[in-house]
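Hi,

Here is the structure I promised to pass on.

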Amino acid sequence: MKNVGELVRRKVDTSYIVERPRRLRASAAMRDLVRENRINPEGFIQPLFVVPGSRVRQPIASMPGIERLSIDETVRECRELASLGLRAVLLFGVPDEKDAMASLNYDPNGLVQRAAREIKSALPELIVAADLCNCEYTDHGHCGILDERGDVDNDRTLEVLVLAALTYARAGVDIIAPSDMMDGRVGAIRRALDADGYYRSTIMSYASKYASAFYGPFRDAADSTPAFGDRRTYQMDPANAREALREALLDIDEGADIVMVKPALAYMDIIRQVRDAVDRPVATYNVSGEYAMVKAAAERGWIEESKIVDEMLVGFARAGADIVITYFAKDYLRRHGA
Ligand code: PBG
């Protein structure tokens with residue numbers, strides 16, 4: 001048995017190596033110096049689920065570490081998040097009464113509206129975004145109003161969305177984020193906001209939103225699983241990419257300020273393509289199922305959670321996302337600061 005040094009010297013001709021990428025990986029300082037992409041916590045948005053009552057913090061079984069919060073607890077949580085350096089939260093209302101017309105969605109004293117008012121008065125600097133959809137408010141769990149055949153009626157749904165958007169804007173919501181995937185909703189909302197003088201209200205549209213199984217835990221959290229059927233007549237087919245660009249461009253034409261790709265992990269190619277095709281900020285939503293998978297595997301000790309989270313987050317930056325909506329925002333800020 002010859003020693004290794006002798007073997008290498010004799011048998012490996014290295015004269016062909018002209019480039020040595022390892023030089024730029026040689027130390028932590030060198031890696032920091034040449035890093036191409038960085039996680040930007042200033043672009044994080046933390047989703048929050050708002051429920052009725054006071055002093056309520058309800059754990060969500062499939063999303064360990066995330067709780068549904070009453071309005072007082074939501075404000076408390078926002079204070080903590082803001083003190084950690086977070087810039088923005090995304091509110092979801094989870095009412096305990098639902099009906100066919102999603103009435104509580106456009107109640108001026110609904111959960112999102114009251115929560116937004118209280119957060120903005122306590123923390124005027126914190127950006128309040130609100131998811132605008134009907135699935136948390138309808139008794140059938142679909143994202144719109146149904147017609148006689150049980151289909152989601154696009155244009156009637158627009159009327160409800162517009163009503164709700166106006167109540168959100170009046171409550172001080174900074175960013176309205178329609179996630180219903182009805183055709184034309186961005187244009188309808190933009191016009192109604194402008195007509196009422198809310199030209200400052202920003203629209204972040206869930207532009208390229210796929211009909212995804214990754215929303216499973218969210219539907220437990222928001223109590224919004226459709227009672228029948230699925231969302232494939234309004235959310236996108238996961239096999240389509242050109243259509244995602246079309247959706248993003250349509251929403252921008254209709255007045256979207258920010259366009260989103262959702263989910264994130266299985267759609268990195270879409271994030272990149274949208275980033276290259278548009279000149280607006282691009283957001284991505286690191287959804288509930290992506291969160292739950294990491295938590296479940298980490299609980300079993302199969303993966304190292306904090307490293308996995310940081311790797312995912314830098315991946316979204318590399319794919320081109322300016323804004324990342326993630327349930328890991330608080331955890332990241334606790335570990336690294338803003
Ligand atoms: C509302 C909405 C959903 C999500 C965000 N807004 C659920 C759905 O479309 O079924 C999913 C978010 C997540 O999974 O974290 N339509």
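Predicted model: local features only at pLDDT ≥ 70, side-chain atom pairs only at ≥ 80, totals over all residues.

Residues are numbered from 1 along each chain as its sequence is written, and side-chain values use heavy atoms, with hydrogens and water left out.

Let's begin with the ligand. It is surrounded by 18 residues, of which Lys209, Arg219, Lys262, Ser288 and Tyr327 are the closest (a residue is near a molecule if one of its heavy atoms lies within 4 Å of it). By class, that shell has ten nonpolar, three polar and five charged residues. Here Ala, Val, Leu, Ile, Met, Phe, Trp, Tyr, Cys and Pro count as nonpolar, Asp, Glu, Lys and Arg as charged, and the others, Gly among them, as polar.

- Tyr327 has a side-chain N or O atom 2.6 Å from an oxygen atom of the ligand.
- Arg219 places a polar side-chain atom 2.7 Å from a ligand oxygen atom.
- Lys262 has a side-chain N or O atom 3.5 Å from a nitrogen atom of the ligand.

Taken alone, the ligand exposes 400 Å², and the protein buries 100% of that (areas by the Shrake-Rupley method with a 1.4 Å probe).

Where does the ligand sit? It is in the largest cavity, with more than half of its atoms within 2 Å of the grid points. On a 1 Å grid over the protein atoms alone, a cavity is a set of points where a 1.4 Å probe fits but cannot get out; a pocket is an open set with protein on both sides within 12 Å along at least five of seven lines, and lining residues have an atom within 4 Å of a point.

The structure holds one cavity of 30 Å³ or more, and the space in the largest cavity is about 140 Å³. Its lining has 18 residues, with Phe92, Lys209, Tyr215, Phe218 and Lys262 the closest to the centre. Strand E7 (202–209) and helix H7 (216–222) each give two or more residues to this lining.

The largest pocket has about 280 Å³ of space. It is lined by 17 residues, and Gln46, Gly65, Ile66, Glu77 and Lys330 are the closest to its centre. E1 gives the most to the lining, with four residues. The lining divides into eight nonpolar, two polar and seven charged residues.

Finally, the backbone. The peptide bond from Lys262 to Pro263 is cis, with omega near -10 degrees. Pro263 is in the loop between strand E8 (258–262) and helix H9 (268–277). Ala102, a residue other than glycine, has a positive phi near 55 degrees.

Cheers

Definitions and conventions
Polar contact = N/O pair within 3.5 Å; in protein donor to acceptor, adjacent residues only side chain to side chain. Points joined across faces, edges and corners; volume = space filled by probe spheres on them.
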